[in-house]
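Please have the sequence and the model open while reading.

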Amino acid sequence: MNIFNSKSELKAFLIQQKEEGKTIGFVPTMGALHKGHLSLIKRAKKQNDITVVSIFVNPTQFDNKEDLEKYPQPLDNDIKLLKKVACDVLFTPSVNEIYADDIIAQKFDFDGLENQMEGRYRKGHFDGVGTIVKSLFEIVEPTVAYFGKKDFQQLQIIKKLAKKYHIPVKVKGRPIFREDDGLAMSSRNVRLTKEHREAAPFIYKTLKKAKKKFGTKNVNELEQWVEKQFKKQDLLELEYFTIADEETLQTPKVIESNKKYRAFIAVFAGDIRLIDNIGL
Ligand code: AMP
């Protein structure tokens, strides 16, 4: 596996690959890799000649300083995992390499997608995400980029970013990987206390129950039902539960049979914020 810290060296390597007619699959990550990340990498490998993974904990997408400082960064183990799945290229730039002296995000208009859910509760989050992904797309110039539906809102925003800025990349969404007890895999899960880890599968259990009830209750009633379930749980604090149209991410007033809907949730387990979602 080739490991690059420098944009220019990575670019030079990839230009050569493209001149040989090779396609580039790209998987941007913040590291602390788990099976969800690896599934994206395996998919990229299957569909492209060269697979590039980036590991970069992007400071401008964190609204919480402690979350950024405590974000796990087990780089040596990540490299082992990447070698195991025969990843071709790892890009691990420093903050300075990406931002030079100004660690600030560009402002984006994603046609309102950025104002819902994660954007509402994590101010500036999607400006940070847009800034880093646009910058990585400009460096890597991938043929196809792979994102997990775990961050479904992010996936829709990246599709919008590529469209708005005419970036010639195909953006593909992939399924959510879960632990055996249903908890969505996340790099932050290792930071959960034993108690919170044991409580956390309640999130997906509740999503599955809400999915069953969708259609028998209206959106408001369903949101209230979920709020009630979490009030009975001491260890988990609900931040939001929302039902939204998959395309617009707006909460529907009436359910239309030709549209796809999804339920989105954010929960605090102690200090750790967990998100999940389910197609309805
Ligand atoms: P992150 O390192 O958390 O920024 O995630 C990098 C990529 O992996 C994003 O596209 C995520 O949506 C995706 N991802 C994270 N967790 C999962 C999961 N449990 N299942 C599938 N994809 C995931």
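The points below are grouped by topic, after a short note on the model.

This is a predicted model, in which local features need pLDDT of at least 70 and side-chain atom pairs count only at pLDDT 80 or more, while totals for chains, interfaces and linings use all residues. Residues are numbered from 1 along each chain as its sequence is written, and side-chain values use heavy atoms, with hydrogens and water left out.

**Domains**
- The domain assignment gives domain 1 (2-174) and domain 2 (187-279); such bounds come from an automatic or database domain assignment.
- The centres of the two domains, taken over C-alpha atoms, are 26 Å apart.

**Interface between domain 1 and domain 2**
- In contact (heavy atoms within 4.5 Å) are 22 residues of domain 1 and 19 residues of domain 2.
- The buried area is about 1900 Å², with 53% from carbon and sulfur atoms; this is the accessible area (1.4 Å probe) that two parts lose on being put together, summed over both.
- On the domain 1 side, Met117, Tyr121 and Phe152 lose the most area to domain 2, together 31% of what that side buries.
- Eight residue pairs, both at pLDDT 80 or more, are in polar contact across the interface; this is a pair of N or O atoms within 3.5 Å, one able to donate a hydrogen and the other to accept it, and residues adjacent in sequence count only if both atoms are side-chain atoms.
- Helices α3 (65-69), α6 (117-121) and α8 each supply at least two residues of the domain 1 side that touches domain 2; helices (H or I, at least four residues) and strands (E, at least two) are DSSP runs, numbered from the N terminus.

**Salt bridges**
- The structure holds 17 salt bridges, each a side-chain nitrogen of Lys or Arg within 4 Å of a carboxyl oxygen of Asp or Glu.
- Three salt bridges are counted between domain 1 and domain 2.
- Glu118 and Arg273 form a salt bridge, with the closest N and O atoms 2.8 Å apart.

**Strand pairing**
- Strands β5 (residues 144-148) and β6 (residues 170-174) pair in the parallel sense over five bridges; pairing requires at least two bridges found by DSSP.
- Tyr146 has Lys172 in β6 as its bridge partner.
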